[in-house]
Amino acid sequence: MLASNAMAGSHGDSTLAQVKAKGFVQCGVSQGLPGFSNADDSGNWTGLDVDLCRAVAAAVFGDASKVKYSPLSAKQRFTALSSGEVDILSRNTTWTMTRDTQLGLNFAGVNYYDGQGMMVPTALGATSALELDGANICTNTGTTTELNITDYFRANNMSFNLVAFEKADEVVAAYDAGRCDVYTTDRSGLAAQRGKLTNPDAHVVLPEIISKEPLGPVVRQGDDQWFNIVRWSLNAMINAEEMGITSANVNATQYNKVTPGVARLVGKEGNFGEELGLSNDWAYNIIKQVGNYGESYEKHVGENTPLKLARGVNALWTKGGIMYAPPIR
Amino acid sequence: MNSDKSLLLKYLYDTRTRSIIFQVLLILSLVFGFWWIVDNTAVNLQAQNKSVGFGFLTQTAGFAISDTLGTWLFDYEVGTSTYLDVYFIGIANTFLVAFLGIIFATILGFTFGIMRLSQNFVFRAFSTVYIELTRNIPLLVQLFFWYFAVLRSLPNARGKVDIIPDVIGINIVGLYLPSAIPQDGFSLTMWAFAIAVVITFFMNRWATKRQQETGRIFPAFWAGLGLLIGLPLIVFLVSGSPLVVEYPEFKETGPILKRGFQKGAGMVLVPEMLAVWLSLSLYTAAFIAEIVRAGIMAVNKGQTEASLALGLKPNPILRLVIIPQAMRVIIPPLTSQYLNLTKNSSLAIAIAYPELVSVFAGTALNQVGKEIEMIFMMMSVYLTFSILTSIFMNWFNARVKLVER
């Protein structure tokens, strides 16, 4: 299975040709992280990471629903991608140098700037991570969080005991049962998992952010065309927000007079889509069917969702954040 | 022309030639298949800009591992320990649960197997219910059940349940036991024990020989037990008790995080390990019980009747006549169960016990991304464990099998 898939990946056609041939994008997502990639009762996937997969499908097929999802554990994800089991990995994956250089992968951008945080029971009375000397800490295996927490405690000369589970659900259950004093993962993850605790209000997220976690979509190295498609699908969503184009008003751009920048984005000017190997209305389809980055953010993780994550650094660069996409021109 | 053809046909229809042709074809396809896999792997790795090599083993590992036998044995320290250490820690932890699991499962399995054949209804019914319940529920489910049952039923890290006050205590962080730290001169006691083992061995041979020749019975078991305990004990006391026992320390005051059992005092068995041990043993014991029952039932009823006719009592009949004959039926499937238990220990990754699959093929693999090398190294460990178990059990089987005279 692994060998035959991998062979298709290297000897065969480009990823785009394969995706077109099979008629859908195979997307690696998490095993259930509300707000980012999560399946509802009837098996529909939603979330910020899921929207990226849908955007790619909209760009390639003009139909955002042509995606199939593979729920992957943190441990399986890179193997699944490099063996060709999935076409994109959009699973709150941190961009690090090792992963970029040693794993044969390419990060196509950042769709959420995160940082690792810690959650403790309020009853513990801790107000700072520096008070956690000797704590038992629960986390996931196969992630950067294990390394960050180790670095943080070493740097501050504190001892700790790490209990690392394979799946996020078991981490939450063990922390909930009291096996650990601390639950650590990306702060977005803490916000998302909090709802699964017996008493979400009896826990507090400590103020320290102990790492940089730029999360983004990943593709295999060696297929620049596919890499570009994924990268520019994300960029198109961010640029659309910056230009004020939403799923509601994108239709009007087809008839009304628009600025040259918008005209290039929605395919009225130039042949940017064809250069990617797609049709020129690729970005129009993304915005129409998935929405711009801001819409996606507010819908899945924003202030009006259970996660209540403020835009913070994820706001556009024009609004005090660092979300910045290169121009389409 | 015609004769050429008939000669060819003659060769083709010759069974010997034909079997050689088929064997050559088989070998060729095997060699080609193997070459194809290796070449395909190499090409694909190259396409992904990945190299093959074991250089990563000397890199230092930047993550912490839960306190277990492995981290203690190999003195794991973040920043100085390498991925090779992580590998050994994984092996040690896997070996620990496999070894303890095999012992516990065997004892339980034999007990339940014999109980199931008991005349006593309560024993028989209990054993039947136990076996049907445990062997029909997937192991992973049992693993979660025991882990979360253990966790939910224990007091939290600031509390404890005393099993022996101030000596053994348990809470959600683990089972705390006293640890013994050998001092100078403790090696004398170890030597005394080794000498006692040797003496016991020869005494047993002498006792068997004498019984066969003269019929007089020497209480070899009790004598041996006395020797094995007595001799080291005397040496231990004479050499001035060179062993310091360190007890777990429990604090109830101070900052909340500092309360509870103190790190570094005594020995701790983490709940992850307890749950893995418990579920592996209980699960495998059900299968062993059925194997034992099959083995005992395979011994002809006439054997019991003949023994009774000779005037033997029920206990010696079981011990001297039935079990030795049942063993030859029991050993081969028992070996398979031991192998299963060892390999099933890899499920422990689900509940955070840092065994081989979890720390090496999990955490470490994600940091260095050398899938092929690391999976290969992991497979070699299971293969070695399994082959060693097989060799030992085959040797044991050869000893107990029926010798036809």
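Strand β9 (residues 135–140) of chain A runs parallel to β10(A), and six bridges join the two. Helices and strands here are DSSP runs (H or I over at least four residues for helices, E over at least two for strands), numbered from the N terminus. The model is a predicted one, where local features need pLDDT of at least 70 and side-chain atom pairs count only at pLDDT 80 or more, while totals for chains, interfaces and linings use all residues. Residues are numbered from 1 along each chain as its sequence is written, chains are lettered from A and ligands numbered from 1 in the order in which they are written, and side-chain values use heavy atoms, with hydrogens and water left out.

Five strands of chain A make up an open, mixed sheet in the order β10-β9-β11-β8-β12; two strands count as paired if DSSP finds at least two bridges between them. The edges belong to β10 (160–165) and β12 (203–205) of chain A, each with a single partner strand, so each has one side left without a neighbour in the sheet. On average, neighbouring strands are turned by 25° against each other, direction ignored. Helix α7(A) packs on this sheet and touches β8 (116–121), β9, β10, β11 (182–186) and β12 of chain A, with contact meaning heavy atoms within 4.5 Å. The direction of α7(A) makes about 160° with that of β9(A); axes are lines fitted to C-alpha atoms, for helices over the stretch in contact, and angles run from 0 to 180 degrees between N-to-C directions.

Zooming in on α7 (residues 168–177) of chain A, A:Val172 is part of this helix. A:Val172 is buried at a relative accessible area of 4%, where buried means under 20% (1.4 Å probe, protein chains only). Beyond neighbours within four places in sequence, A:Val172 is in contact with A:Tyr183, A:Gln193, A:Lys196 and A:Leu197. From A:Val172 to A:Asn140 it is 32 residues in sequence and 9.9 Å in space, C-alpha to C-alpha.

Next comes helix α8 (residues 187–194) of chain A, whose buried residues include A:Ser188, A:Leu190 and A:Gln193. The buried residues of α8(A) pack against β7 (112–114), β8, α7, β11, β12 and β13 (213–220) of chain A.

Over in chain B, B:Thr71 sits in helix α3 (residues 69–73) and is buried, with a relative accessible area of 10%. The B:Thr71 side chain reaches the backbone nitrogen of B:Thr68 at 2.8 Å. Not counting residues up to four places away in sequence, B:Thr71 touches B:Ile65, B:Ser66, B:Tyr76 and B:Ile89.

Conventions
Buried means under 20% relative accessible area, exposed over 50%, partly exposed in between (1.4 Å probe, protein chains only). A polar contact is a pair of N or O atoms within 3.5 Å; within protein, one must be able to donate a hydrogen and the other to accept it, and residues adjacent in sequence count only if both atoms are side-chain atoms.
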